[in-house]
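Subject: Structure handover

Hi,

Here is the structure I promised to pass on, with some notes on what turned up in it.

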Amino acid sequence: TFTAGDCWAATPVNAGFGLALVWGGSPVPSVLSLTEFEGLVFEDPCLAANENTLPVDATPEGLIGDIAQSPYLIVSEPTEADLGGLPALRIEVATQSPMGCEPPATWLWAARPSGGFVLEDGEEATFLLAQLNNRTLVLSWETYLGGDFETFSAAAEALIATLTVDASTDD
């Protein structure tokens, strides 16, 4: 459960994500999303095609390790964090500029039924990764090119501070 203020709105998601909230406090779209990482990354991070995926360890450490080796990203060292009462790891990610992909976007992981998580040239994101009943949850927040990441990050962290996770259920 969580409490969202007036600037937040739920948005339909068709890329395998469980929840996405758009923040209305900026003229540039800013999104907070929650999804499960199932251990699949794209063979070529410049191309998103679910049939061209590679398996990695479906843990926070497995995903962080894959993201950290990307030549298209600048990735912070992981730090210990909290995700609704669950121990979590936190990383900050920004795209390299110029990115080196055409179009300028890099795909970080695959999500079923189709799609995945992508960062476009000039984007920044923060990820909180936690284990819940043998599943890896990823809470992320990102701004699109030209967005005020610092202001949005403060709003996202205020919402996340209200989050509680019921670890007694698989749902």
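Leaving aside its neighbours within four places in sequence, which residues is threonine 59 in contact with? They are Phe37, Gln131 and Thr136, where contact means heavy atoms within 4.5 Å. Threonine 59 sits in the loop between β5 (53-55) and α1 (60-68). With a relative accessible area of 18%, threonine 59 counts as buried (buried is under 20% relative accessible area, exposed over 50%, partly exposed in between, with a 1.4 Å probe and protein chains only).

A word on the source: this is a predicted model, in which local features need pLDDT of at least 70 and side-chain atom pairs count only at pLDDT 80 or more, while totals for chains, interfaces and linings use all residues. Residues are numbered from 1 along each chain as its sequence is written, and side-chain values use heavy atoms, with hydrogens and water left out.

Now the overall picture. The protein chain has 2 helices and 12 strands (DSSP runs numbered from the N terminus: helices are H or I of at least four residues, strands are E of at least two). Along the sequence they follow the order β-β-β-β-β-α-β-β-β-β-β-β-β-α. Of the 171 residues in the protein chain, 43% are buried. Its accessible surface is about 8500 Å², and carbon and sulfur atoms hold 53% of that (by the Shrake-Rupley method with a 1.4 Å probe; for residues, only the protein chains shown count as cover).

Cysteine 46 lies in the loop between β4 (40-42) and β5, and cysteine 101 in the loop between β8 (86-95) and β9 (105-110), so the pair ties together parts 55 residues apart in sequence. The torsion about the S-S bond is about -70°, so the disulfide is left-handed. Cysteine 46 is buried at 14% relative accessible area, and cysteine 101 is buried at 5%.

Best wishes

Note on methods: A disulfide is a pair of cysteine sulfur atoms within 2.5 Å.
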